[in-house]
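Me: Hi! Could you walk me through this structure? I'd like to go one piece at a time.

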Amino acid sequence: NLYTLKEIETDELYYLELVSSNGESKAQICLNQGGRLSDFSFENTQIIKEFDSSTYKDNYASAILFPFANRIKDGEYTFKDSKHKLNCNETDKNNAIHGLVYNKTFVLINKELTSDFASVSLQYKNYGKDKGFPFKFHIELTYTLSKNGITLAIKVKNKDKKTFPFSIGWHPYFYSTDLNKSTINFKSDKKYVCDNQQIISGTTALNLQMPFKLKDVKLDDGYPLETNEIDFSTPEYDFNISSTSKENFLQLYTPVQPNVIAIEPMTGAADNFNNKTGLQTLQPDDTYLEEWNMAIETSITKLNTNHLIDKLCNS
């Protein structure tokens with residue numbers, strides 16, 4: 001019994017679907033919307049729920065964010081004494097937002113299907129034609145679905161003759177049957193303060209009680225993390241996201257849709273082409289690897305585990 005890979009085409013969108021051997025876990029990836037994880041259920045439990053794909057350009061649901069995550073003020077930055085001006089795709093605030101690959105087409109370059117996991121690698125090659133980011137790079141996404149959850153690995157190679165600045169983020173929206181009964185847990189002692197352009201202007205002490213209850217909250221907030229882990233707990237499932245990045249940042253956002261929250265791990269803070277918080281550089285021919293591993297426990301697993309513990313304790 002192997003994991004399988006399906007190819008799906010609908011409304012001129014091309015999807016790959018990874019399916020577990022028992023058919024209970026499915027991860028759908030949209031190739032021509034930046035290789036995003038558009039729909040994901042695990043052990044018959046909805047984790048990521050597809051918004052109407054036509055709204056993707058507004059909500060960036062599950063977008064891969066590179067070479068910058070979140071916003072860049074006025075789309076402007078200076079790197080190595082050169083000024084650059086990115087296209088401001090957040091028109092109401094006049095910022096560049098969420099990088100340059102979220103709407104690009106990725107191609108399947110590798111797949112591995114076994115009885116324990118399914119893995120696909122997708123690639124997009126950028127030839128440095130963006131005037132605001134005139135650097136050549138290749139980016140490769142590898143999604144691995146297994147009985148433990150899902151992993152997203154992002155590999156970036158600098159194919160240019162020049163060093164470039166970067167940060168990487170991921171913008172998944174998670175579905176909860178009841179967000180009011182859900183919590184998030186992370187370690188941070190401060191929160192970013194933003195101006196009316198949603199650009200970081202400072203920090204303030206964070207004294208949230210953890211786990212942070214998501215009852216009746218409206219969020220669009222960023223935090224520097226003290227560890228590389230984020231926990232999310234809902235009535236149906238819990239997960240832990242761990243990152244391989246040295247520095248870790250988190251953006252939380254609640255859209256107008258009920259029972260949905262964006263939990264966005266990032267390797268740098270918003271506007272870091274300017275404020276340099278978490279900003280990294282990649283030398284010519286060098287490769288950077290970031291991995292986000294999401295370990296999931298559904299209430300089915302939790303019940304079984306607890307049942308097993310009870311049996312062991314009572315035997």
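Me: How many bridges pair strand β4 with β5, and in which sense?
Reply: Strand β4, residues 36-42, pairs with β5 over 3 bridges in the antiparallel sense. Strands here are DSSP runs of E with at least two residues, numbered from the N terminus, and two of them pair if DSSP finds at least two bridges between them. Before we go on: this is a predicted model, where local features need pLDDT of at least 70, side-chain atom pairs count only at pLDDT 80 or more, and totals for chains, interfaces and linings use all residues. Residues are numbered from 1 along each chain as its sequence is written, and side-chain values use heavy atoms, with hydrogens and water left out.

Me: Which residue in β5 is the bridge partner of Phe-40?
Reply: That's Ile-48.

Me: And what is the strand order in the open sheet?
Reply: The 5 strands run β1-β2-β3-β4-β5, with antiparallel pairing. β1 (4-10) and β5 (45-48) each have a single partner strand, so one side of each has no neighbour in the sheet.

Me: New topic: what do β11 and β12 form?
Reply: They make a hairpin, with 3 residues between them. β11 (residues 107-113) and β12 (residues 117-127) pair over 6 antiparallel bridges. One example is Asn-110, whose bridge partner in β12 is Ser-121.

Me: Last one: is Thr-183 buried or exposed?
Reply: Thr-183 is buried, because its relative accessibility is 19% and the cut-off for buried is under 20% (1.4 Å probe, protein chains only), with exposed over 50% and partly exposed in between. Thr-183 sits in strand β18, residues 183-185.

Key
Helix = DSSP H or I, 4+ residues; strand = E, 2+ residues; numbered from the N terminus.
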